[in-house]
Amino acid sequence: VQAVAALAGPGARLLWGPEAATRAALLSLSEGGGLRGLGALHLATHARLAHDAPSRSALLLADGDLTLYDILNLDLAAGVVTLSACDGATGRALGGNELMSLAWAWLQAGARTVVASLWPVADEHAVALMAEFYGRLPLHAPGPWPPGTVAAALAGAQDARRARGAPLHAWAP
């Protein structure tokens with residue numbers, strides 16, 4: 001998270017550690033409009049997935065769980081939300097074409113794009129991939145990014161990791 005904040009520059013807001021990386025802080029930011037107009041929101045935490053009842057899935061923060069319902073109720077407008085958490089895109093199929101997951105909840109809350117993993121990711125590999133990914137995003141560009149910007153940045157980051165000899169499990173999640 002610190003590497004991502006450094007890439008974003010002095011305008012980045014970093015909620016780090018047990019006093020700041022809290023559910024209360026994120027909900028307070030939302031209530032005050034602080035999650036509107038973001039280029040990127042990056043969450044590096046653990047996810048708890050409830051496959052039998054996806055609505056009980058949550059991101060684990062310092063003071064408690066940010067539940068799927070909490071996410072759905074956020075006042076959010078972001079170009080990309082990145083869930084740097086194992087299995088953040090894993091979910092359960094609903095009737096129809098929807099897959100209820102933490103990633104789905106962020107899209108419903110107002111993210112234009114969500115980057116999330118379908119399986120576990122080792123921290124050291126996630127750090128390297130995220131640095132490559134954010135280095136390719138126009139974090140300082142005003143307004144919405146052109147379609148395909150996030151996908152191209154992620155594909156470029158994966159290609160760069162692979163070209164450096166990183167094994168599949170280091171860049172594919």
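Student: Which residues in H5 meet H6?
Tutor: Happy to start there, and keep in mind that this is a predicted model. On the H6 side, the contact includes Val 150, Ala 153, Leu 154 and Ala 157, along with Gln 158, Ala 160 and Arg 161. Their partners in H5 are His 125, Ala 128, Leu 129, Glu 132 and Phe 133.

Student: How many nonpolar residues does the contact of H5 with H6 have?
Tutor: Let's sort the contact by class. It has 2 charged residues and 2 polar ones. The nonpolar residues in this contact number 8.

Student: Why is H5 described as oblique to H6?
Tutor: Look at how the two helices pack: H5 covers residues 123-135, H6 covers residues 149-163, and their axes lie 8 Å apart. The angle between them is about 130°. Because angles over 145 degrees count as roughly antiparallel and 65 to 115 as roughly perpendicular, this value belongs to the remaining class. That makes H5, relative to H6, oblique.

Student: What is the order of the strands in the open sheet?
Tutor: Begin at the edges: E2 (46-48) and E4 (64-67) each pair on one side only. The open sheet has 3 strands, with antiparallel pairing. Its order is E2-E3-E4.

Student: Over how many bridges do E2 and E3 pair?
Tutor: E3 spans residues 58-61, and its pairing with E2 is antiparallel. Within the pair, Ala 47 stands opposite Leu 59 in E3. The number of bridges is 3.

Student: Which residue in E4 is the bridge partner of Ala 58?
Tutor: E3 and E4 are joined by a hairpin through 2 residues. They pair in the antiparallel sense over 4 bridges. For Ala 58, the bridge partner in E4 is Thr 67.

Student: Which helix packs on the sheet?
Tutor: Look for a helix touching E3 and E4. Its direction makes about 40° with that of E4, and it runs over residues 23-31. This is helix H2.

Student: What is the radius of gyration of the protein?
Tutor: Stepping back, the protein has 7 helices and 8 strands. For 173 residues the globule rule gives 16 Å, and the computed value is close to that, so the protein is as compact as a globular protein of that length. Its C-alpha trace spans about 40 × 35 × 35 Å along the principal axes. The radius of gyration is 15 Å.

Methods:
Residues numbered from 1 in each chain as written. Predicted model: local features only at pLDDT ≥ 70, side-chain atom pairs only at ≥ 80, totals over all residues. Heavy atoms only, no water. Axes fitted to C-alpha atoms, helices over the stretch in contact; angles between N-to-C directions. Parallel < 35°, antiparallel > 145°, perpendicular 65-115°, else oblique. Contact = heavy atoms within 4.5 Å. Nonpolar A, V, L, I, M, F, W, Y, C, P; charged D, E, K, R; others polar. Pairing = 2+ DSSP bridges. Rg over C-alpha atoms; globule rule 2.2 N^0.38 Å.
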